Amino acid sequence: MSKICQITGKRAMVGNNVSHSNRRTKRKFNVNLFKKKFYWVEEDCWISLNISASGLRTVNKIGLDAALKQAAEKGYLNA
């Protein structure tokens, strides 16, 4: 599974490590991603999502059902 949040669509970004002498080497900024199980009351089942910390805050704020609908219409949710 790739490192993409299924709620917010966040993925790894690419940047530079900059040394004291100002030399630049490529690096990756990974997402704060973890696997979490949620109980979906509307469908009466458990679902497992790869979700970032900001995605978890989104679920806590607007609810699981609304977050899943929002992610599905934006194309982030793969079933």
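The structure is a predicted model, in which local features need pLDDT of at least 70 and side-chain atom pairs count only at pLDDT 80 or more, while totals for chains, interfaces and linings use all residues. Residues are numbered from 1 along each chain as its sequence is written, and side-chain values use heavy atoms, with hydrogens and water left out.

Asn22 belongs to the loop between strand 1 and strand 2, where helices (H or I, at least four residues) and strands (E, at least two) are DSSP runs numbered from the N terminus. Its phi is near 70 degrees, a positive value in a residue other than glycine. Asp44, placed in the loop between strand 3 (33-40) and strand 4, likewise has a positive phi, of about 55 degrees, although it is not a glycine. Most residues other than glycine have a negative phi.

Ser21 also lies in the loop between strand 1 (13-18) and strand 2 (24-29), and its side chain makes a polar contact of 3.1 Å with that of Ser19; such a contact is a pair of N or O atoms within 3.5 Å, one able to donate a hydrogen and the other to accept it, and residues adjacent in sequence count only if both atoms are side-chain atoms. Glu42 is in the loop between strand 3 and strand 4, and although 21 residues separate Glu42 from Ser21 along the chain, their C-alpha atoms are 57 Å apart.

The table gives the accessibility of several residues.

| Residue | Relative accessible area | Class |
|---|---|---|
| Ser21 | 55% | exposed |
| Glu42 | 53% | exposed |
| Asp44 | 56% | exposed |
| Ser48 | 41% | partly exposed |
| Lys69 | 54% | exposed |

Ser48 sits in strand 4 (residues 45-52) and, leaving aside neighbours within four places in sequence, is in contact (heavy atoms within 4.5 Å) with Gln6, Lys35, Lys36 and Lys37.

Phe38 is among the 11 residues of the largest nonpolar core, together with Cys5, Ile7, Ile47, Leu49, Ile51, Leu56, Val59, Leu64, Ala67 and Leu68. Strand 4, helix 1 (53-62) and helix 2 (64-74) each supply at least two residues of this core, which is a set of buried Ala, Val, Leu, Ile, Met, Phe, Trp, Tyr and Cys residues joined through side-chain atoms within 4.5 Å. Not counting residues up to four places away in sequence, Ile7 touches Leu49, Ile51, Gly55, Thr58, Val59, Ala67, Leu68, Ala71 and Tyr76.

Helix 2 also holds Asp65 and Lys69, 4 residues apart, about one turn of the helix. Their side chains meet in a salt bridge at 3.5 Å, N to O, the rule being a side-chain nitrogen of Lys or Arg within 4 Å of a carboxyl oxygen of Asp or Glu, and by this rule the count comes to 1 salt bridge.

Key:
Buried means under 20% relative accessible area, exposed over 50%, partly exposed in between (1.4 Å probe, protein chains only).
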